[in-house]
Amino acid sequence: MRIDRAVIVAKKDLSEFRKNRYIMMTIVMMPLISSVILPIVYVVPINQLSRQSEADLDLRFNTTYSLENATLMDATILDARIEHVNITNCVIRNSIVENCTILNSNFNESRIAYSSVKNSMLERCYLVNLTLDVGNTVRSSQYAGGSHELDQLKTLMFNVLLILLIMIPVTIPTVTASYSFVGEKVNKSLEPLLATPTTDLELLAGKSGSIFALSMGATWLSFVVAVVLVDVLTEPSLGYYPLPNTYWIVGILLLAPGMCLMSILANVIISSRVNDVRVSQQIGGVLILPVLLFFFFSLAGVLSTALLPMLVFSLGVLVVDAGIVLLSLRVFNREEILVNWK
Amino acid sequence: MIEIVGLGRTFDGKAAVEDLNLTVEKGEVFGLLGPNGAGKTTTIRMLACLIKQTSGTAFVNGLEINTSSDSQKIRGIVGVLPESPGLYESLSANRNLDFFAQLYGVPKDKREKRIEELLKMLDLWDRRDEPVATYSKGMKQKIAIARAFVHDPQVVFLDEPTAGLDPQASLTVREFIVALKKEGRTVFINSHHLDEVERLCDRIAVMNRTALAIGSPKDLARRYWGRTTVVELASLDPAYGDVVRGLDFASNVRIDDGRILVDLDDPEIRNPVIVEKLTRAGAKIEYVTELKRSLEDVYMKLIGGGSR
């Protein structure tokens with residue numbers, strides 16, 4: 001394969017894209033919405049969550065006795081100082097609780113610090129560096145230091161934003177590839193192109209390469225803009241720069257290119273069967289489904305927003321890509337295009 | 001330059017081209033005539049290594065078509081004008097031609113010179129930077145023709161080069177083809193335009209899946225219609241017809257519109273004998289000419305009765 005010929009084809013396609021108002025609008029609008037408008041909309045609830053945790057509390061502790069290294073079950077404790085205690089099925093009020101393991105308990109107007117809390121109700125409490133799982137109900141309390149549950153929620157929101165960004169490399173090829181492949185077919189400009197000494201692979205690489213470069217350029221630019229925007233807007237309330245995290249980096253370096261390639265090559269296959277750019281775009285739009293499913297599964301908690309599901313999903317997409325590459329090579333050859341393409 | 005040996009192609013078991021045999025010499029303008037579906041476009045596509053043949057083979061400049069070693073080389077030395085111009089409408093004529101010249105590997109300095117030369121020959125130089133979408137149909141066809149020649153090919157396949165063009169644009173295209181012929185290029189034309197083929201082509205083949213007849217338009221006319229001498233007389237007496245009928249070399253003597261028509265094998269030798277006999281019989285001869293048969297007559301005779 002001669003790369004220079006593929007580059008010539010890619011440059012020609014890019015020249016055509018530049019002159020197509022519809023393509024340019026998609027290339028500008030899609031990243032603009034995903035990297036500017038969505039992050040701004042996102043920052044509001046994240047900052048709101050952080051602000052809620054800073055609400056003032058007027059707690060008074062009248063500790064009249066203390067408990068250390070004990071096990072408490074089915075007890076009601078008032079005005080105590082409790083340290084290194086296993087607390088199960090208890091009601092605790094107006095107390096200071098530190099370094100404890102708490103299960104199925106009810107806390108009111110207490111200070112709970114450096115403890116692990118599960119399936120409990122915490123109301124009007126001051127919470128310092130807790131390990132909280134999702135089974136807790138926390139009302140009118142103030143967080144100080146880490147809150148696992150809140151962090152989980154924030155992470156989920158950031159990672160869902162990433163999935164929305166990954167729609168860019170799926171959507172842009174749907175539009176550009178439709179014009180590049182179906183458009184050339186409808187315009188009957190493929191035959192003169194096929195009559196040149198360029199090989200089928202060089203043509204496919206050139207045409208796909210231009211779309212890939214354009215889509216991934218827009219995606220990575222959007223990624224940088226979104227990261228900067230989220231960091232700048234959330235740092236004052238979070239106290240740190242949340243992005244990019246490893247989830248985002250894997251998503252943007254593995255999943256985004258994988259989905260982009262899938263979208264491009266799927267359009268090659270679609271092009272062999274349809275004669276209308278809009279029909280091609282509509283069918284190509286179906287490719288957003290895997291991303292949407294991944295998004296909904298993450299949102300619904302079926303998939304965690306940890307690194308592993310993202311890695312597995314990304315690698316799965318790349319495996320599917322390998323299959324689509326073989327299929328599109330079979331479809332995109334002179335004989336097929338001139339004889340069998342409808 | 002082009003040698004076709006038993007070439008055939010089937011689509012879903014149905015023959016589009018079968019057992020096609022013909023040879024086109026270097027510098028020749030060769031026309032392929034036939035009705036729709038006769039296999040003309042399929043033939044060009046096979047020769048340009050765009051689709052594969054199902055039987056037979058062909059050689060272009062000594063290279064065998066659709067072989068892994070030669071296909072790309074053939075595509076590099078031939079120019080193809082497909083049925084539709086297939087230009088990039090949003091790009092200018094200059095950019096369209098430059099793109100194809102690059103794909104054919106024409107160096108930048110030669111590319112610019114060649115594009116300028118072609119656009120000037122086709123009267124499009126002044127509008128070279130305008131998007132092709134703003135061009136008329138004729139202008140688009142001219143750009144498509146220029147594209148087929150942009151890499152200075154040795155062989156050019158033109159599929160309906162003047163289809164849908166107005167008379168002036170057709171004339172420009174014809175003059176362009178004649179100029180290229182003078183440069184020694186081999187031009188292979190598919191056309192329905194019999195008059196154009198007759199004027200442009202050194203030889204033609206009438207085909208309907210296979211070649212029904214091959215030769216120069218004049219040869220074909222003679223081969224399929226024979227040679228007919230027309231004798232125009234000042235006044236026609238039916239007896240003059242009998243005088244001609246009495247000659248043993250004369251066949252199919254008929255009187256039509258005050259003229260005597262007679263089929264002859266070698267009119268150059270027989271015409272003086274006919275003139276002498278008629279003069280002796282008292283006929284006053286005004287003209288002795290040969291009846292001209294058009295390519296259309298040949299085409300209709302071959303295709304009209306032999307159509308699928």
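Guide: In this predicted model, 22 residues of chain A are in contact with 25 residues of chain B. On the side of chain A that touches chain B, the elements giving two or more residues are helix 1 (3–18), helix 5 (190–194) and helix 11 (334–340) of chain A. Helix 1 of chain A gives the most to this side, with five residues. By class, the side of chain A that touches chain B comprises eight charged, seven polar and seven nonpolar residues.

Chain A is divided into domain 1 (3–50 + 151–340) and domain 2 (65–140). Between the C-alpha centres of domain 1 and domain 2 of chain A there is a distance of 49 Å. Helix 10 of chain A covers residues 307–331. The buried residues of helix 10 of chain A are Met310(A), Phe313(A), Ser314(A), Val317(A), Asp321(A) and Ser328(A).

The C-alpha atoms of chain B fill a box of roughly 75 × 45 × 30 Å along the principal axes. Of the 308 residues in chain B, 42% are buried. Among the contacts in chain B with a separation of 6 or more, 70% are between residues 24 or more positions apart.

Two sheets of chain B can be followed strand by strand. One is an open sheet of four strands in the order 2-1-4-5, with antiparallel pairing. Strand 2 and strand 5 (63–64) of chain B stand at the edges and have a single partner strand each, so one side of each is left without a neighbour in the sheet. Within this sheet, strand 1 (residues 2–11) and strand 2 (residues 14–24) of chain B run antiparallel and are joined by seven bridges. Leu7(B) stands opposite Leu20(B), and the bridge partner of Thr10(B) is Ala15(B). Strand 1 and strand 2 of chain B form a hairpin with two residues between them, and Asp12(B) in the turn has a positive phi of about 50 degrees.

Another open sheet of four strands in chain B has the order 12-13-11-14, again with antiparallel pairing. Here strand 12 (251–256) and strand 14 (285–290) of chain B are at the edges; each has a single partner strand, so one side of each lacks a neighbour in the sheet. The twist from one strand to the next averages 20 degrees. Strand 11 (residues 227–233) and strand 13 (residues 259–264) of chain B pair in the antiparallel sense over six bridges. Val231(B) has Ile260(B) in strand 13 of chain B as its bridge partner.

Glu183(B) is found between helix 6 (167–182) and strand 8 (186–191) of chain B. Glu183(B) counts as exposed because it has 9 C-beta neighbours inside 10 Å, and the limit for an exposed residue is 12 or fewer. The C-alpha atom of Glu183(B) is 9.8 Å from that of Gln154(B), a residue 29 positions away along the chain.

Note on methods
Residues numbered from 1 in each chain as written. Chains lettered and ligands numbered in written order. Predicted model: local features only at pLDDT ≥ 70, side-chain atom pairs only at ≥ 80, totals over all residues. Pairing = 2+ DSSP bridges. Domains from an automatic or database assignment. Contact = placed C-beta atoms within 7 Å. Nonpolar A, V, L, I, M, F, W, Y, C, P; charged D, E, K, R; others polar. Buried ≥ 20, exposed ≤ 12 C-beta atoms within 10 Å, placed from the backbone. Axes fitted to C-alpha atoms, helices over the stretch in contact; angles between N-to-C directions. Expected span 1.5 Å × (residues − 1).
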